[in-house]
Amino acid sequence: MEILQSFGLRIKTLRQKQNISQEKLAEMAELHRTYINLVESGKRNISLKNINKLSKALGLSLEDLFKNL
């Protein structure tokens with residue numbers, strides 16, 4: 001699996017474990033919902049800045065965000 005798809009699946013799995021919608025995660029991370037959708041589907045090459053925003057929104061360290069990737 002390509003890294004973008006793996007990372008997107010990781011974000012989706014973590015989001016779903018916390019019962020957070022894409023819309024809510026986008027709001028918490030100060031990103032757009034369609035951007036979250038593109039990241040989760042592996043269609044968007046996410047920046048480090050936005051990876052950091054997602055880790056904070058999910059309450060995870062960057063290390064934990066990348067575990068098992």
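The following dialogue examines how terms are applied to a predicted model.

Mentor: This is a predicted model in which local features need pLDDT of at least 70 and side-chain atom pairs count only at pLDDT 80 or more, while totals for chains, interfaces and linings use all residues. Residues are numbered from 1 along each chain as its sequence is written, and side-chain values use heavy atoms, with hydrogens and water left out.

Trainee: Why is α2 called roughly perpendicular to α4?

Mentor: Helix α2 (residues 22-29) and helix α4 (residues 48-58) pack at an angle of about 110°, with their axes 8 Å apart. Angles of 65 to 115 degrees count as roughly perpendicular, under 35 as roughly parallel, over 145 as roughly antiparallel and the rest as oblique. The pair is therefore roughly perpendicular.

Trainee: Which residues make the contact between α2 and α4?

Mentor: Leu25, Met28 and Ala29 of α2 meet Lys53, Leu54, Ala57 and Leu58 of α4, where contact means heavy atoms within 4.5 Å. These residues divide into six nonpolar, no polar and one charged. Lys counts as charged, whereas Leu, Met and Ala count as nonpolar.

Trainee: What makes Ile51 count as buried or exposed?

Mentor: Ile51, found in helix α4, has a relative accessibility of 7%. Buried means under 20% relative accessible area, exposed over 50%, and partly exposed in between (1.4 Å probe, protein chains only). Ile51 therefore counts as buried. Not counting residues up to four places away in sequence, Ile51 touches Phe7, Ile46, Leu62, Leu65 and Phe66.

Trainee: How do you know whether Lys49 is buried or exposed?

Mentor: Lys49 also lies in helix α4. Its relative accessible area is 61%, so Lys49 is exposed.

Trainee: What is Thr34 called on that scale?

Mentor: Thr34, in helix α3, has a relative accessible area of 38%, and therefore it is partly exposed. Thr34 and Ile51 are 17 residues apart in sequence and 15 Å apart in space, C-alpha to C-alpha.

Trainee: What makes a set of residues a nonpolar core?

Mentor: Such a core is a set of buried Ala, Val, Leu, Ile, Met, Phe, Trp, Tyr and Cys residues joined through side-chain atoms within 4.5 Å. The largest one here has 17 residues, and those touching the most other members are Phe7, Ile11, Leu25, Ile46, Leu54, Leu58 and Leu65. Two or more residues each come from α1 (3-17), α2, α3 (33-40) and α4; α4 gives the largest share, four residues. In soluble globular proteins, nonpolar side chains tend to be buried together.

Notes:
Axes fitted to C-alpha atoms, helices over the stretch in contact; angles between N-to-C directions.
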